[in-house]
Every structure is written in C-alpha cells, then in structure tokens.
Amino acid sequence: MSAAADVRPDKASAIGSVTDPYRVMVVEDSAVIRGFLTRILEEDGDIAVVASVANGKIAVGTALRHDVEVIVLDIEMPVMDGMTALELLLKQDPKVQVIMASTLTLKNAEVSLRALSLGAADYIPKPTSAREVGGSRDFRHMLIEKVRNLGARRRGASVVTSNIDRTIPDMVAKAREGRRGVLPILRKPSLHLPKVIAIGSSTGGPQALLALLKQVGEGFPLPILITQHMPPTFTTILAEHISRVCQIPCAEAMDGEPIKAGSARLAPGDFHMVVEKGEPTNTLRLLQTPPENFCRPAVDPMLRSVAETYGAHALAVILTGMGQDGLKGSDEIVVAGGTVIAQDEESSVVWGMPGAVAMAGLCSAILPLQKIPAYVHERISGKAP
C-alpha cells in the first residue's frame, strides 16, 4: 500500500443497514495530519474511515469503489486540488457529503464559501500541525459531529444531539426517540411589532443566509443581527458576500458600535456578539467568554441579550445547523414575550438547531426557507395573524 492511499479492505464492503458506521474518506496531502484525522474519526463507533488518500485525483478514483458517504476534502493539494476534485466527486455521486478542510486565510475562506455554492455540504478549519489536531477537544467534537450529521443526511435520516438540556420543555426529548409522528406545538406570536431580527445558523447556514436575506430585500427597515458558526476570516468573507449579493449593508460587528436600522451585523469568528442596552441607542459588544455549545460565536448569548434588551419586540429566526445552539436563547426570547420561527426539516441541510427549537414547542412558525422572508415581512408590518 502506498503512502498516498490507505484503503482498508476489511472496511470496504458496501453500505449495509442504517445502523452501520458512516463510511468516510479523508483526503489530505500531509500524511501526519491525514493520520490524526483518521484516528480521531475512528475513535467514534459510528464512523469508519474506509480510505485516506493524498490528493484529489486518487480521491475521485477511490470514492465510488468504496461507497463513500462523507468526504473530508483538503483544498490545497498536489496533482489535483480540492476544488477540482469537488466537482468531479459530486458529478459521479451527487449525494456524497463533502466537508472542505481549509486553513484560516482569506483566500481559502473565499474558496470554501465558493465550494459551498458548488455543492459542498460544510467546511472545517484545517489544523496546521499534529499538535493542534491532537490537543483540541473542540476540534475533535466538531469533526465527529459534522461527519455524523452529514452521514445521516446522506442516508436520509436525522441526528438529534445527545446532550439536550433537560431544563427545556420535554418535547425536545422526544426528538431523540425519532421525530416521525411527533407534531411540534406552535405558539401564538408576539402581539408587539418586532424591532430587531436575530438570526442563528450553522451547517448550511451561509447559503441559507444568502437566500433569506436576498429575498428580505434592500431597504429592510430593522436591524439584523446574525450569528453563524464560523471561524475568523470566514466571517469577513461572508459579510462581504451578504452585502454584495443581498443589497443589505452587512459587516462584521465592532465592539461598542450602535445598532442601526436597515443594516446587518455578523458576529466575527471567535467572538460572541451580544446586545447592550444604551441611550439613545443599543450597542453591540464582542466577548471572548468561554465557548457555548462548543462554539464561539454562539447563538445562545446573542439571543439571551436580545431577549433582555428587546423583550416582546424580538423576532428570532433559527436556520439550518447541527446541535442545539439557540435552544436556550430561544426559550428566553419566548419567556420575554418575543417570537421565534424555525426553518423546516426538508429545506435544512441539518435539522439540528431548528429541530431542537421546533420540538421544544418554542416556535410560532416552522417554514421552508423560501417562505421565511414573507413571514418576516408580515410580522414587521403587523399583518401576520
């Protein structure tokens, strides 16, 4: 077996039942990093690395022979780079789930977001050393959760986070037992007109945000606050894309800046974004308090502060994403008298975050992505029931 390709014959049989381990291929030119990624994934009993290869050309030739379901794909490689390989991999198997692995540079952030528009399912910040891979608990958790959730998506199933907080309504617990036949309870929306829109998203979020905000349209009268699970530099590029594509002024939030109507602010990578009450204008604060739900930025801190500051005038939108970030914050929005809506399962890449909120009975609406803008406009105009 060459150093450029490691295919495990004992794990190369075709996919069996839905309970079989998810079949993963790691594509990475560094043998050291490739080995560490493989070991991390194989520590999880639900994952089997059936191949690890050193470049895109080998990956294309290997994927179909071994019924690969999820691919962790490096961007910069010799022989064939990740972007070239991505198009070929998706052409031969449109259902394969590809996670782009990228170093934290502006160039690679731009490439990663372009990969999402071409069909990649997600991205992950690529470690730059074996020490970084081995020593980061958050990286291990993030990698395994992405693979598990996207593997489930490949099979047409759903993964519901296993650490659901029991202080939130018991409806959420039913999601762990399988959501089929369980109808979420919808609550009446606030009687007060929204004064702010707070949006939380993760896996699949960049494309969902662009689609949502493009339909919301130029001249939207309220401030829009966004927390998308993303590392530094990636949020810089995403804010630029939103401004360009959606015609809504958008930028990474700056600490202490006043909240302005008609503009969007995105939590920068590695900082929680929260609202601080002020006179005459509320302001944004950036915090490096500990990660929540393994994330920084996280949606919960933003929503807690929005609930405290805007109360019944808050409208929260939870878009596609894995895990349950936004669940506790949405609960506080509802307690304060505000309104929460969630993206539906069919239009979500991963129905983790919106699913947790929906199954907790916190939503006034659970909608396909394309119908959320109209609902938002109805809410701010006072025309919604």
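On a 1 Å grid over the protein atoms alone, a cavity is a set of points where a 1.4 Å probe fits but cannot get out. In this predicted model, where local features need pLDDT of at least 70, side-chain atom pairs count only at pLDDT 80 or more, and totals for chains, interfaces and linings use all residues, a search of the whole structure finds 5 cavities of 30 Å³ or more. Residues are numbered from 1 along each chain as its sequence is written, and side-chain values use heavy atoms, with hydrogens and water left out.

**Largest cavity**
- The largest cavity holds about 60 Å³ of space, a volume being the space filled by probe spheres set on grid points joined across faces, edges and corners.
- Its lining (residues with an atom within 4 Å of a point) includes Pro223, Glu257, Lys260, Arg265 and Leu284.

- Helices (H or I, at least four residues) and strands (E, at least two) are DSSP runs, numbered from the N terminus.

**Strand 4**
- In strand 4 (residues 70-74), 5 of its 5 residues are buried, with Val70, Val72 and Asp74 pointing one way and Ile71 and Leu73 the other way.
- Strand 4 runs parallel to strand 2 (residues 22-27), joined by 4 bridges, where pairing requires that DSSP finds at least two bridges.

Definitions and conventions. 1 Å grid on protein atoms, 1.4 Å probe; cavity = no way out; pocket = protein on both sides within 12 Å on 5 of 7 lines; lining within 4 Å. Buried < 20%, exposed > 50% of the residue type's maximum accessible area, 1.4 Å probe, protein only.
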